[in-house]
Amino acid sequence: MNITKVEPFQVIGISVRTTNENNQAAKDIPVLWEKFMKENISDRIPNKVDDNVYSIYTEYEKDHTKPYTTILGCKVENLDHIPEGMTGISFEGGNYVKFTAKGNLADRLVINEWIKIWNMDLGREFTADFEIYGEKARNPSDAEVDILIAVQ
């Protein structure tokens, strides 16, 4: 297991409070993505550092089986101007284990990787875990998505 050090960073985007219980997240997160794409949220985020899209899982009530917040957004230079209807949040960074899901996004690529992660003993922190949709994720039929999991 390779431990990666993630520096503190800030994100602005849209969010939803959800849970994996009763497959609720499987309903809520696609709706969040649909809104993100349909309303061109990425284009409305000020002070973006790059064009990568972050899907962040944070504010865990306990662990991945209890409620948490999902934020879809972009890394920004600062949180000085958060557009109405959006959320801005700072993350402390820390130690992370990185996984890379490769394949067709339509084939449940990312959720299948998460199912593997949920069944691993990683010593998770449950502070902030995230997926990065960068250049290699632009082709949905042959995508690469990095998933970073906060660990002790």
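The model is a predicted one, in which local features need pLDDT of at least 70, side-chain atom pairs count only at pLDDT 80 or more, and totals for chains, interfaces and linings use all residues. Residues are numbered from 1 along each chain as its sequence is written, and side-chain values use heavy atoms, with hydrogens and water left out.

R17 belongs to strand β2 (residues 9–18); helices (H or I, at least four residues) and strands (E, at least two) are DSSP runs, numbered from the N terminus. A further polar contact, of 3.0 Å, links the side chains of R17 and T69. With a relative accessibility of 40%, R17 is partly exposed, a class that lies between buried (under 20% relative accessible area) and exposed (over 50%), using a 1.4 Å probe and protein chains only. Beyond its neighbours within four places in sequence, R17 has contacts (heavy atoms within 4.5 Å) that include D28, T58, E59 and Y68.

Strand β4 (residues 68–76) is mostly covered, with eight of its nine residues buried. It runs antiparallel to β2, to which nine bridges join it; strands pair if DSSP finds at least two bridges between them. Within this pairing, S15 sits opposite I71 of β4. Strand β3 is also antiparallel to β4, through five bridges, and here T58 faces T69 of β4.

Turning to helix α3 (residues 109–118), the buried residues are L109, V110, E113, W114 and I117. Viewed down the axis of α3, these buried residues fall within an arc of 130°, so they line one face of the helix; the arc is that of the directions from the helix axis to the C-beta atoms. Their cover includes β3 (53–58), β6 (94–103), β7 (128–133) and β8 (143–150).

The loop between α3 and β7 holds R124, which is buried at a relative accessible area of 12%. Polar contacts join its side chain to that of D129 at 2.5 Å and to that of Y60 at 3.4 Å. Leaving out neighbours within four places in sequence, R124 also touches W114 and I117, among others including H64, W118 and I149.

Terms used: A polar contact is a pair of N or O atoms within 3.5 Å; within protein, one must be able to donate a hydrogen and the other to accept it, and residues adjacent in sequence count only if both atoms are side-chain atoms.
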